[in-house]
Structure formats: C-alpha cells, structure tokens
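Have a look first, then we'll go question by question.

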Amino acid sequence: MIRKQWPAMGLGALLAVLAAGLAFPAGAAADETTADAPKVNLVIDVSGSMRERDIDGQSRMAAAKQAFNEVLDATPEEVRLGIRTLGADYPGDDRRTGCRDTAQLYPVGPLDRTEAKTAVATLTPTGWTPIGPALLKAADDLDGGTGSKRIVLISDGEDTCAPLDPCEVAREIAAKGIGLTIDTLGLVPNTKMRRQLSCIAEATGGTYTSVEHTDELTEKVNQLVERAADPVVTPVAVEGAERCADAPPLESGLYTDREEFGQERWYRVDVAPGQELRASVSVAADRAVNPDYGVLLRAVTVHGREIVRGEAAGNGRTDVISTGLRYPKSDGDGEEAAGTAAETVCLWVTNSFSAASGVKTSPGMPLELTVDVVDGPSQAADVASLGLGRGWWLLGVLVVTGFLAGMVWGWLSRWRVAVWRTN
C-alpha cells in the first residue's frame, strides 16, 4: 500500500510546483503594475475654521466631505489614492503638539471606495493648520514606484506653524527630483492664503485654484485625480553646445538642459521637404534675479542665416518665461522634390537674465525645450513668407479697399466744395 501511494504523492508535488511557477510570474507582474501605477494623496485641512458655514449654505467641512465622496466614486481604477489630514485630532493650544498634528486617514493604495468613504465620514474640524509638516509626510506617503505622483492640498487658510515655511517645503520636495506635483485649492478668497498656496503649487509645477462652491471643488479635484492617470512624458537630458557644428541632433520630443545667465545653447534638428518644425523653449528662474529679462529662440541655417525667431520678455512677475517658433519647409514639385535632402536647422537659445547680488550663477537655470517635426501644411513656402502666411491676401484686399475708399472720399469732398462755391 505504501508503494502505491508514491506515484500519487509525486503527482501532487508536481502539480504544486507547476502552480507555484505560474503564480510567481503573475505576482511579479502585479508588483510591476503597482510600481508603475499613478499615486494621488488628497491632503485635507480639518482645522477649526472648517466649521464656517459659507459654502452653499453648509460648512466647509461638509462641502469637502460631499466633494470627496463624489471624487471617490469617479476615481479611475488604476489610480492609487490616499487621504491625509492636517489638523487631525488635536484641539488644544500647545503649538508644538498642534504643528505635528497630521495623520494618514486612508493609506495610498488600491482604492476600496466603501472604506475610504467611511474614513471621510469621520472627519471633524479640530485645531491647527500644519501645512508644511503635512506636505513632508504626504510626500513620504507617495515614496517608491515609477508612476506619476500628485498631492492635492485643500485648505481654507494659511499655515499656522511657521517658521517651517510651506513654500520652502515644496521647493525641498521639488529638489528631490522624484517627479511629485502639488496642486492647491483654496476654499475662501483670502489674499495671504492665495499667495502661499500659489507659491506651493508653482514650486512643483502644479496649479492653484480658488473654489467657493461644492460643485467647483468636486470638478477640480476630479480633474486633478484623472490627470494623474494620464501618461507622463519625462524630459530627456541633453547638453547644448556653444556652436551649431557641435550641437547634439534632436528628434521630436521633450528635452531638458541648464543655461547660465546670458549663455548661448545650440541644438540641431533635421527637417525634410514637406515637414514643419515646431519648437518652444522655457527658462525658469529658480533663484533671485533682477527684473526685466527675456529669452530668445532662433532657427538658423548651418551657414548662420536666420530663418525665423521667437522671443519673449518678462518684468519679474513670473518665474518662467517661454517662447516658440514654426518653420515649414517647402516640398517643391516633381523631380526637384525627389532630389531635395533634409535641411539641418540650428536652434539657438539665449537669455538676458542677470543675477541679483550674492546669487550663484552656477549651475545654470533649468531649460526645457520641446521639438516637434510634423507634416507641414500645403504651400508651406507661402505660409512662411514673412510670417504672414495667407494673410497676404487679406493685406492686399485691405490695401485696395483703402485706396478706393480714399479716391471716393476725395471726389465727394471736391464735389461738396464745388457746390458750396456755386451756392
């Protein structure tokens, strides 16, 4: 009897091994999918001021709960969502304790809508507004993985835990290079709060929005959560040259570089007949600079002749300045088109930023360059003429119309004078 059991045991072991072998790749695939999944951490202010009843006849807290429940229903399946509070559960007056009062209400991970809504229902306005500490903790909640990471901060007032400046915290998070974006929403029209929340958002490439109604809050949070699920385009690091001959060749894509004050950077792009080059550049002042500055983007031939340019100027009211250009290359006709090779276009980027006193000029300021080579419009040569394109027809009609109107007006004026003299 014992001998007869060996084949059965062997068969069972074989099946177990096969089952394990099939299970492990599936687990590995699941882990890989989770690592690439977009993550969103909703950070909600539950300080005492959220009791105020000034949003559609209900309290700010009630409006936020209603919006959160609708957002949870609409969250895409692939998004890993969490909820963190600032001003979690300490109602006292001890500042030191109040400024540590932040908690993860629902962990960042696969969304169980019922559990998340149950957690939201427990929210109760308490005391402090530790925005800086909450942002640091929220960034830690999103640690790991290669997917997009986004914090959506909702508050009705400015931080109450200085000197830990939330703006400096946001810059510190951005400097880590983990690709985390912070979007902020203000529930009341408050100038000081708007400045602080705007600064937090701008430091990480996010947005600030002021909302005063529940439906606006729902719509905006939904939009930001869905945006996290969109594919993320990661800029490719490239180093521009000091002249066109040594410039790196670029294809369609998004590129990042650094450019010091007043420096020139060169890049090369091949444009075939019948194609159109579209390029744009943004330079960010990531340190204190003097007002009145500009950025210039030129497309020139390999022999140095300018084809087209784009330029923009700033006066200190924004930290980023951008410009762009378009160059359609004519495709010719017949044999001429067949024998025409692609043209090498040199892109030349420079800026007129100047450093404030005591500011380091190295490393250079962040530069982002977008290059897109697409099929050009019909009659590309006409479109490129002096940058007016088919506007030449409109200009001609206006000139002729003005000329005829002037002749008619002159004739009428002379006739009126003649009649007056006769009478």
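Q: How many bridges join strand 11 to strand 14?
A: Quick background first: this is a predicted model, where local features need pLDDT of at least 70, side-chain atom pairs count only at pLDDT 80 or more, and totals for chains, interfaces and linings use all residues. Residues are numbered from 1 along each chain as its sequence is written, and side-chain values use heavy atoms, with hydrogens and water left out. Strands here are DSSP runs of E with at least two residues, helices are runs of H or I with at least four, both numbered from the N terminus, and two strands pair if DSSP finds at least two bridges between them. Strand 11 and strand 14 (residues 320-328) run antiparallel, and the bridges joining them number nine.

Q: Which residue of strand 14 stands opposite Val-283?
A: Along this antiparallel pair, Val-281 stands opposite Thr-323. For Val-283, the residue across in strand 14 is Ile-321.

Q: What is the bridge partner of Glu-276 in strand 16?
A: Strand 11 (residues 275-284) also pairs with strand 16 (residues 365-375), antiparallel again, over nine bridges. In strand 16, Glu-276 is partnered with Val-374.

Q: Which strands stand at the edges of the five-strand sheet?
A: The sheet is open, has mixed pairing and runs in the order 7-9-16-11-14.

Q: Are helix 5 and helix 6 roughly parallel or roughly antiparallel?
A: Axes are lines fitted to C-alpha atoms, for helices over the stretch in contact, with angles from 0 to 180 degrees between N-to-C directions. Helix 5 (residues 131-141) and helix 6 (residues 166-175) cross at roughly 20°, their axes coming within 8 Å. Angles under 35 degrees count as roughly parallel and those over 145 as roughly antiparallel, so the pair is roughly parallel.

Q: What is the handedness of the crossing of helix 2 and helix 8?
A: Helix 2 (residues 60-74) and helix 8 (residues 214-228) pack at about 35°, axes 9 Å apart. Their contact (heavy atoms within 4.5 Å) includes Ala-63, Ala-67 and Val-71 of helix 2 and Leu-217, Val-221 and Val-225 of helix 8. A crossing is left-handed if the near helix is turned anticlockwise from the far one by less than a right angle, and right-handed if clockwise. Here helix 2 passes helix 8 in a crossing that is right-handed.

Terms used:
Angles under 35 degrees count as roughly parallel, over 145 as roughly antiparallel, 65 to 115 as roughly perpendicular and the rest as oblique.
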